[in-house]
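Subject: Model for you to look at

Hello,

Here is the model I promised to pass on. Please open it first; my notes follow below.

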Amino acid sequence: MVSVREAHFSDPDFQLEDWVNRYISDTDEAQSLLELLRQIETLMLQHGNDTNLIQRARELIEILAPLNMDIETLQASVIFVAYDAGILTKESLEESFGKGLATLVRSVETMNAIGALKINDQSRATEPQIDNIRRMLLAMVEDVRAVVIKLAERICLLREVKTADEETRVLLAREIADIYAPLANRLGIGQLKWELEDISFRYLHPQTYKDIAKQLDGKRLDRETFIDNFVDQLQARLDKDHIRAKVYGRPKHIYSIWKKMKGKDLKFDELFDVRAVRIVTDRLQDCYGALGVVHTLWHHIPREFDDYVANPKPNGYQSIHTIVVGPEGKTVEIQIRTEQMHEDAELGVAAHWKYKEGTSGGKQTGYEEKINWLRKILQWQEDVAESGNLVEEVRSQVFEDRVYVFTPSGEVVDLPLGSTVLDFAYYIHSHVGHKCIGAKVDGRIVPFTYQVETGQRIEIITSKQPNPKRDWLNPHLGYIRSSRARSKIQHWFKQQDRDKNCAAGREMMETELSRVGLKLKDAQSAVERFNMVSMDDLLAAIGGGDVRLNQVVNHVQSQMRKHELSDAEAVEDLVKKSQSKAGKKGKGQVEVNGVGNLMNHIARCCQPVPGDEIFGFITKGRGISVHRADCDQVKELIRAHPERTVDVVWGENYSGGYKIRLRIIANDRSGLLRDLTSVLAAEKTHVMAMSTSSDVKTQTAAIELELELYNLDGLSKVLAKINQVEGVSEARRL
């Protein structure tokens, strides 16, 4: 039987201590709850709050205690009332009440995300809403007590708004009928479910509720007399047949009556189960024995028989339902179940939650229970979605693209759909991922590429030393899906290769500098220029290919070059040499200040082509060097010698080609060069030189091309075509 409000708090003879002892049998626990109640009630009065909050805290205990919830749950419910009202702060929770209670109270707070599920079909969920819903679901699975407290708190709120305006009552009732009542149903907590449904129904359909209640009350005396005689007759027959069972009449809830009338399109007088009896047996076999007795005494209606013992409902409910034609031709609904089934039906998941030490079953039992709760929560989500109050966007982002798996200790891990056991390992910790040598799913060995599913228990097998494989980074092999795991693996290899890259970069740098008569100590200015912290960082970047060696050497040269000629002599020398080499007018590549045929050359460092913005720089003995405007080297030259810059433009009649260097990074595969050369041939592009290199570990290929092109448009078209070749990840101009 369900319990109703017992304490009359306005009674002047009300004694708080006696009331607590009625609900808590353990003396120490009763005393701790009593002290907490007095402490919280004092705080409420000090903050100017009226007695409504005090009454709500006491009512929560009245609702939760009959559900056999532990003392920590009762304490957390009292604290939550003060916390939700702003009397307690988040910072003071742990300090005043300890980590365990603080965590449970905050978990109840996360249940407020349920409100985000009431999004209209036309509205869109925001990312914070989606994150809050996901955290709420995880909290629900981690500690079902938070859900039970929240459901009880909603019942208190329903009772409180009884005298509020109609709009307030209707809005709250609709939220509870759509969201909280289905949740209580899925979790099988009948004691909370019936009151959530009945009170919400009374607010949403007041006239219908009154009509049904009036018909029930009008026949109460006759019905009670009939039920008493029926129970006595059935109990006597069960005792005679030595079937250990208790028989009693049970109240029929108004909402369930209305639901059956609406679902089967029946009038009140046509209902079979207004008169209801329940048989609770000691053993499972007695259920079917009692069923045989019932069907022997009275004729049953075959189409109204349901065996939920053999085929339990999705929320775990078990019972045998039958309707018989009893004395006077009146129909009676009979439910038959064991004591354990009855407890499960009334308390649901609350009947299975074991908090105190020494409970049987250990971690495995807790893990299996959490999986069952997770499944019920997912089923509840489907119920809510079908009612039209959950938008498709939230459904997909919270459930369909996520998987919820468990660690061996029962903790819940939220991963993207398609995640592998390696993704799980790196989610736990980078060291767990680095040391992973195997994995078990539900006790079974699986490969690294195994994609986990919701509800599975994952165990990672590790070695003593980290040993990631470069193959894990290959997207075609399917070892990892998440960017989080990929970045951790890449960082590990980068750290491991630093010393090797630093040594290689030092050798390359010293060799190249020696060719131009410089030493490594002369390159110190390049550290700041390339945004490095130290010379070793710069050398490691050169060795790893992150910084181009020729850029560094060109920078160092520009800093160290000593110009022997004066500016005036350099210009005069340039004009003389240009005049001696002058050819046909108007055929030059570029024109200097409107004058063609001055000695010039295209700079090899940046290799501009028509269409690029360009600058000219007067060099020693080689005429004007033409650079792209974004060239790093010319920026250094202009900064050091701004007087040597000249304005240059592209010549109109030059018909020659320009050399362009490209670098292509792609997944190494058979036929890659063939596809690239086919693209270049189709674009009628002349390939002047090509070099390739492959990295077996990363399975990538680096290709450098020297092409002859005529303008910037041709370059853009070639780059676009190359980027469309299968496997190409990067194609850029050097």
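In which helix does Phe-80 lie? Phe-80 lies in helix α4, residues 71–84. More on that residue below.

First, the ground rules. This is a predicted model, with residues numbered from 1 along each chain as its sequence is written. Local features need pLDDT of at least 70, side-chain atom pairs count only at pLDDT 80 or more, totals for chains, interfaces and linings use all residues, and side-chain values use heavy atoms, with hydrogens and water left out.

Overall picture

The protein has 28 helices and 21 strands. Both are DSSP runs numbered from the N terminus: helices are H or I with at least four residues, strands are E with at least two. Of its 734 residues, 47% count as buried, meaning under 20% relative accessible area with a 1.4 Å probe, protein chains only. Take contacts between residues at least 6 apart in sequence: 67% of them join residues at least 24 apart. Contact means heavy atoms within 4.5 Å.

Phe-80

Phe-80 is buried, with a relative accessible area of 1%. Not counting residues up to four places away in sequence, Phe-80 touches Val-105, Val-108, Glu-109 and Glu-153. Leu-101 is 21 residues from Phe-80 in sequence, and the C-alpha to C-alpha distance is 9.7 Å.

Helix packing around α8

Start with α6 (residues 99–110) and α8 (residues 144–160). Their axes come within 8 Å and cross at roughly 60°. Axes are lines fitted to C-alpha atoms, for helices over the stretch in contact; angles run from 0 to 180 degrees between N-to-C directions. The two helices are therefore oblique to each other. On the scale used, under 35 degrees is roughly parallel, over 145 roughly antiparallel, 65 to 115 roughly perpendicular, and the rest oblique. The crossing of α6 and α8 is right-handed, that is, the near helix is turned clockwise from the far one by less than a right angle. From α6, Leu-104, Ser-107 and Val-108 meet Arg-145, Ala-146, Ile-149 and Lys-150 of α8.

Next, α8 with α10 (residues 190–204). Here the axes come within 10 Å and cross at roughly 30°. These helices are therefore roughly parallel to each other. Their crossing is left-handed, with the near helix turned anticlockwise. Residues of α8 in this contact include Val-148, Leu-151 and Ile-155; those of α10 include Leu-192, Leu-196 and Tyr-203.

Strand β15

Strand β15 covers residues 624–628, and five of its five residues are buried. Ile-624, Val-626 and Arg-628 are on one side, Ser-625 and His-627 on the other. In a regular strand the side chains alternate between the two faces of the sheet. β15 runs parallel to β13 (residues 600–602), joined by three bridges. Asn-600 has Ile-624 as its bridge partner. With β14 (residues 614–618), β15 pairs in the antiparallel sense over five bridges. There, Ile-614 partners Arg-628. Strands pair if DSSP finds at least two bridges between them.

A three-stranded sheet

Three strands form an open antiparallel sheet in the order β10-β9-β11. The edge strands are β10 (444–446) and β11 (458–462), each pairing on one side only. Neighbouring strands are turned by 35° against each other on average, direction ignored. β9 (residues 436–441) and β11 share five bridges. Ala-439 stands opposite Ile-460 in β11. Helix α18 (residues 421–428) lies across β9, β10 and β11, at about 80° to β11.

Best wishes

Notes:
Buried < 20%, exposed > 50% of the residue type's maximum accessible area, 1.4 Å probe, protein only.
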